[in-house]
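Dear colleague,

Please find below the structure that I am handing over to you. A summary of the findings follows it.

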Amino acid sequence: MTTAAHTYASDVAFSPAVKAIQARKGSREAYARSEQRGWRTEVDDNLAAFLADASSFYFATASVDGQPYIQHRGGPKGFLKVLDKQTLAFADYAGNQQFITQGNLSENPRAYIFVMDYAHRRRVKIWGEARVVEDDEALTNSLMPKGYRARPEQVILFKIAAWDTNCPQHIPQKFDAADVAAALAARDARIAELEAEVAALKGEKAAGVVP
């Protein structure tokens with residue numbers, strides 16, 4: 001199965017049925033104008049920076065008969081790598097051995113990546129096609145984050161068809177525990193530094209050094 005030819009990049013999401021509902025509910029005219037500007041089809045600097053800071057995303061596939069499946073993927077920041085302007089890739093770690101994603105991709109290459117940044121209330125949607133690459137040790141090693149304790153089983157390559165962003169409406173603001181811990185540690189260190197300065201000044205005053 002291959003992706004059908006589209007007039008606009010956004011047609012990957014805006015099917016005739018979707019456009020018909022947009023027309024019925026009054027949003028088609030606005031989206032028709034946005035089609036002229038076009039959704040992005042290549043990685044730009046903004047997307048590259050966004051992905052370099054991402055430590056989590058959701059990966060969606062579907063079986064040949066259309067049954068959807070979404071799986072979480074996580075790792076160190078930047079584990080979802082940009083190979084070129086239209087290709088993303090990541091090392092696929094050994095998991096529960098269900099192989100639903102791999103089975104789906106063997107019959108239906110269409111896939112979707114959804115990346116959330118809760119701290120900054122941002123999200124990116126990426127449509128495309130994906131395939132599994134097994135037994136390519138060099139590629140796997142190049143995508144495996146250094147020092148990360150996981151066993152890479154294979155690689156998933158993702159070819160971008162289109163991508164877009166959403167407004168921050170209704171995204172709850174959340175922060176990673178590691179980021180919160182780092183911020184609290186920095187605060188505590190600064191407090192300790194200031195307390196030491198205060199104690200030193202009090203000692204100097206008591207000794208008559210400070211008038």
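The notes below cover the helix packing, the salt bridges and some individual residues.

This is a predicted model, in which local features need pLDDT of at least 70 and side-chain atom pairs count only at pLDDT 80 or more, while totals for chains, interfaces and linings use all residues. Residues are numbered from 1 along each chain as its sequence is written, and side-chain values use heavy atoms, with hydrogens and water left out.

Helix packing. Helix α1 (residues 16-25) packs against helix α2 (residues 28-37) at an angle of about 130°, and their axes are 7 Å apart. Helices are DSSP runs of H or I with at least four residues, strands are runs of E with at least two, and both are numbered from the N terminus. Axes are lines fitted to C-alpha atoms, for helices over the stretch in contact, and angles run from 0 to 180 degrees between N-to-C directions. The two helices, α1 and α2, are therefore oblique to each other; angles under 35 degrees count as roughly parallel, over 145 as roughly antiparallel, 65 to 115 as roughly perpendicular and the rest as oblique. Lys-19, Gln-22 and Ala-23 of α1 meet Arg-28, Tyr-31 and Glu-35 of α2, where contact means heavy atoms within 4.5 Å.

Salt bridges. The whole structure holds 10 salt bridges, each defined as a side-chain nitrogen of Lys or Arg within 4 Å of a carboxyl oxygen of Asp or Glu. One of them joins Glu-35 to Lys-19, with the closest N and O atoms 3.5 Å apart. This pair links distant parts of the chain, with Glu-35 in helix α2 and Lys-19 in helix α1, 16 residues apart. Glu-35 is buried, at 5% relative accessibility; buried means under 20% relative accessible area, exposed over 50%, and partly exposed in between (1.4 Å probe, protein chains only).

Within helix α2, Arg-33 and Glu-29 lie four residues apart, about one turn of the helix, and form a salt bridge with closest N and O atoms 3.5 Å apart. Arg-33 is partly exposed at 48%, whereas Glu-29 is exposed at 59%.

Positive phi angles. Gln-97 has a positive phi of about 65° and sits in the loop between β4 (87-93) and α4 (100-107). His-170 has a positive phi of about 70° and belongs to the loop between β7 (152-165) and α6; its relative accessibility of 71% makes His-170 exposed.

With kind regards
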